[in-house]
Amino acid sequence: MSSSSSRWLQRQRRDKYVRDAKVAGYRSRAAFKLLEISRRTGMFRSVRRVVDLGAAPGGWSQVVSSILDPQSAVFAIDKLSMDSIPGVQFRKADITDACFSEEMKVWVGVSSLDLVLSDIAPNLSGIASVDQASMSGLVMIAANFCEIYLKKGGNFLVKVFEGDELPRIKDRLRGEFSKITILKPKASRSDSAELYLWCCGRR
């Protein structure tokens, strides 16, 4: 085992949220990020149709399906496979694929969503400028998704990286949403550059 893999395993064993996720039956520690953000924002009020972009392994989809009414529609999308979750409709697809949009128009429905969630992140290179640019590209793709599928007045939660790209991302989203709030949930590791933008009221 490499030294980097050994350090990762040691960190996982020490991580309170990793342990808590196992006890609670969540597929990832990321579930606690969404639970905290939902408490702070009330994001699931009056939500009936929601999509989870970059859903695998399914921690966020588990949270959504446990909170929403059983009659609600929860869509989960990822280019990786994901085991089924009761109440969640999963589609294995790459949102960067040119064929993606036409397939989604049939499956999800144009301007039909109350809420779009995106916890997508790129494979990290360890070079901050490269990783920030990669993340920025994914955020823009998720924002483009909102332009098609999120209804007027709908909300968007998206992961971003702190850095030089963040002002450009915020400028783009300000043109689409009435209010943007930066959040850093406690379950985000202190040494991580990740932040979340809570974007309210699509124009």
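Ser111 is partly exposed, with a relative accessible area of 37% (buried means under 20%, exposed over 50% and partly exposed in between, with a 1.4 Å probe and protein chains only). The model is predicted, and local features are given at pLDDT of at least 70, side-chain atom pairs at pLDDT 80 or more, and totals for chains, interfaces and linings over all residues. Residues are numbered from 1 along each chain as its sequence is written, and side-chain values use heavy atoms, leaving out hydrogens and water.

Ser111 has a phi of about 50 degrees, positive although the residue is not a glycine. Ser111 is located in the loop between α5 (100-107) and β4 (113-118); helices (H or I, at least four residues) and strands (E, at least two) are DSSP runs numbered from the N terminus. A positive phi, near 65 degrees, is also found at Ser46, again a residue other than glycine. Ser46 belongs to the loop between α3 (30-41) and β1 and is exposed, with a relative accessible area of 73%. The peptide bond from Ala56 to Pro57 is cis, with omega near 10 degrees. Pro57 sits in the loop between β1 (49-53) and α4 (59-67). Most residues other than glycine have a negative phi, and most peptide bonds are trans.

Seven aromatic pairs are counted (ring centres of Phe, Tyr and Trp, the last by its six-membered ring, within 6.5 Å; planes under 30 degrees apart are stacked, over 60 edge-to-face and the rest tilted). In the pair of Tyr17 and Phe32, the ring centres are 5.7 Å apart and the planes are at 50 degrees, so the pair is tilted. Tyr17 lies in helix α2 (residues 16-24) and Phe32 in helix α3, so this pair ties together parts that are 15 residues apart in sequence. Phe32 is buried, at a relative accessible area of 18%. The pair of Trp60 and Tyr196 is likewise tilted, because the planes are at 40 degrees, with ring centres 5.8 Å apart. This pair links distant parts of the chain, Trp60 in helix α4 and Tyr196 in strand β7, 136 residues apart. Trp60 is buried, with a relative accessible area of 3%, and Tyr196 is buried, with a value of 0%.

Tyr17, Tyr26 and Phe32 form one aromatic cluster. Lys16 lies over the face of Tyr17, at 4.9 Å from the ring centre (a charge sits over a ring if NZ of Lys or CZ of Arg is within 6 Å of the ring centre and within 35 degrees of the ring normal). Arg91 is placed over the face of Trp107, at 4.4 Å from the ring centre. Tyr26 of the cluster is also among the residues touched by Gln62 (heavy atoms within 4.5 Å), together with Gly25, Arg27 and Ile85, not counting residues up to four places away in sequence. Gln62 is in helix α4 and counts as buried, at 17% relative accessibility.
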